Amino acid sequence: MVAASRLGKKRNVFDPKIPGDDLPRLLKVAAIYGPNASGKSSLVKAMNVVSNLLSTTPSEKTLIPVEPFRFDPALKGLPSNFEINFIEEGLRFQFILSATSDRIFEETLISYPKGKETLLYSRTFNPEAGETYNIGDTLEGGEIVHNAWRKLTGPRTLFLSQAVLNSSEELNQLRTPYNWFKTSSLCIAHDGMSTWSLLSRSMLLQNDKYKIMLQNFLQRVDVPITKIRFEEKPNTKFNIGPDADLNDYVKAVEENSKTKLTHTTLLGDAEFDFIEESGGTQNLMGFWLPWVKLNYVGSGGVVIVDELDSSLHPKIVEKLVQEHIESDVDTQLIFTTHDTHLMNTKLLRRDQFWVAERDEYGATQLFSIHDFQGRDSEDMEKRYYEGRYRGLPILSRS
């Protein structure tokens with residue numbers, strides 16, 4: 001999601017400003033379009049593979065969440081390859097993963113202090129030679145510690161995870177990229193907002209100030225909720241820590257509390273249970289938590305949402321996008337959508353609209369509208385529906 005040069009709307013991009021590293025400007029918002037079954041959701045799931053691996057405890061029954069491209073028999077059994085470039089705490093990282101559902105074939109982590117490529121570690125597996133490690137000269141811990149981490153790393157386990165979970169507090173070198181994937185910066189919603197909604201409500205149980213923040217957020221998008229309270233079972237405790245399991249929070253909130261929401265109109269107040277709220281309101285309550293991280297926690301965050309427009313009015317999506325663009329925080333919002341209303345608002349640049357398209361072999365191609373000739377002032381929504389940017393469903397006549 002790198003910004004194109006020589007386009008207007010400078011507020012829509014930001015400069016990473018990494019000391020000694022000449023990086024291009026990045027887009028604050030990217031909207032991904034395309035027909036059903038074009039691969040948009042698969043893209044979001046792919047972005048979540050590393051975070052998923054860091055959040056699960058591997059076992060003989062737990063497979064790595066990757067699968068081969070099924071339309072090409074030659075790829076059956078071959079590993080899927082991922083490369084993620086990201087910035088955390090003022091430092092650029094490159095993470096490479098190659099894996100099948102059964103085991104990891106490569107895991108490499110590179111940092112770029114002052115723009116200089118520095119290998120932290122690399123592990124590779126060859127069926128004939130077995131697994132080999134290449135530990136960088138600058139990796140903290142020492143040989144004894146490195147060997148201990150290696151022994152704890154199984155075929156379906158990330159070395160990064162074992163190193164962080166089994167190191168003392170003063171060893172922070174690998175903790176920085178680990179935190180980007182696991183806790184502080186990357187938020188991915190690929191299966192709706194139900195989990196994020198439960199996490200949002202668990203945050204409200206921790207601190208009343210979050211209730212005010214959520215109420216204000218909802219009221220800004222015309223949801224008239226003026227009070228949030230909880231009916232809890234006796235002796236219920238919700239303790240949220242940085243490395244906690246999300247499923248534990250979800251289960252605790254579901255089993256031990258009920259969320260009550262007060263709506264205010266000219267006729268007075270009425271209280272509703274959370275499950276009585278519309279799908280749009282429930283989704284907004286879920287989106288609030290990554291929204292807080294995106295716009296208030298600090299720079300470097302990335303929020304990725306599959307079908308952001310699900311149950312939301314196009315004007316609400318437009319307002320949320322506009323608020324993020326106008327914020328002073330250098331973070332990115334990336335989402336898939338079928339709502340073309342944003343194309344008609346002149347809010348985003350051409351390079352912020354992306355299209356996913358399924359080719360004749362069933363593979364997904366992802367490209368920017370900026371790749372096509374045109375002007376920022378043209379009617380992009382009209383041209384999209386005319387097929388000028390491709391990425392439309394091909395419908396047969398009955």
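1. Salt-bridge network. Arg103, Glu107, Arg123 and Glu131 are linked in a network of salt bridges. A salt bridge here is a side-chain nitrogen of Lys or Arg within 4 Å of a carboxyl oxygen of Asp or Glu. Arg123 is buried, at 1% relative accessible area. Glu131 is partly exposed, at 30%. Buried means under 20% relative accessible area, exposed over 50%, and partly exposed in between (1.4 Å probe, protein chains only).

2. Basis of the note. This is a predicted model: local features need pLDDT of at least 70, side-chain atom pairs count only at pLDDT 80 or more, and totals for chains, interfaces and linings use all residues. Residues are numbered from 1 along each chain as its sequence is written, and side-chain values use heavy atoms, with hydrogens and water left out.

3. Other salt bridges. The structure holds 20 salt bridges. One of them joins Arg156 to Asp102, with the closest N and O atoms 3.7 Å apart. Arg156 sits in the loop between α3 (143-152) and α4 (159-165), and Asp102 in the loop between β5 (91-99) and β6 (104-111), so the pair ties together parts that are 54 residues apart in sequence. Helices (H or I, at least four residues) and strands (E, at least two) are DSSP runs, numbered from the N terminus. Arg156 counts as buried, at 18% relative accessibility. Asp102 is partly exposed, at 45%.

4. A further pair. Glu386 and Arg388 also form a salt bridge, at 3.4 Å from N to O. Glu386 is partly exposed, at 39% relative accessibility. Arg388 is partly exposed too, at 42%.

5. A cavity is a set of points on a 1 Å grid over the protein atoms alone, where a 1.4 Å probe fits but cannot get out. Grid points are joined across faces, edges and corners, and a volume is the space filled by probe spheres set on the points. The largest cavity has about 50 Å³ of space.

6. Cavity lining. Lining residues have an atom within 4 Å of a point. For the largest cavity they are Leu139, Glu140, Trp149, Ala163, Val164, Ser167, Leu171, Asn172, Gln173, Leu174 and Arg175. Six are nonpolar, three polar and two charged. Ala, Val, Leu, Ile, Met, Phe, Trp, Tyr, Cys and Pro count as nonpolar, Asp, Glu, Lys and Arg as charged, and the others, Gly among them, as polar.

7. Surface patch. Phe69, Phe71, Leu75 and Leu78 make a nonpolar surface patch of about 380 Å². Patch residues have over 30% relative accessible area and no salt bridge, and nonpolar side chains (Val, Leu, Ile, Met, Phe, Trp, Tyr) are joined within 5 Å. Leu78 lies in the loop between α2 (49-55) and β4 (80-88). Leu78 is partly exposed, at 45% relative accessible area.

8. Contacts across the sequence. Met1 is in the segment before β1 (13-14). Met1 is partly exposed, at 25% relative accessible area. The C-alpha atoms of Met1 and Ile334 are separated by 8.6 Å, although the two residues are 333 residues apart along the chain. Val329 is in the loop between α10 (314-326) and β14 (332-336). Val329 is buried, at 15% relative accessibility.

Conventions:
On a 1 Å grid over the protein atoms alone, a cavity is a set of points where a 1.4 Å probe fits but cannot get out, and a pocket is an open set with protein on both sides within 12 Å along at least five of seven lines; lining residues have an atom within 4 Å of a point. Patches are made of residues with over 30% relative accessible area and no salt bridge: like charges are joined within 9 Å, nonpolar side chains (Val, Leu, Ile, Met, Phe, Trp, Tyr) within 5 Å. Accessible areas come from the Shrake-Rupley method with a 1.4 Å probe; for residues, only the protein chains shown count as cover.
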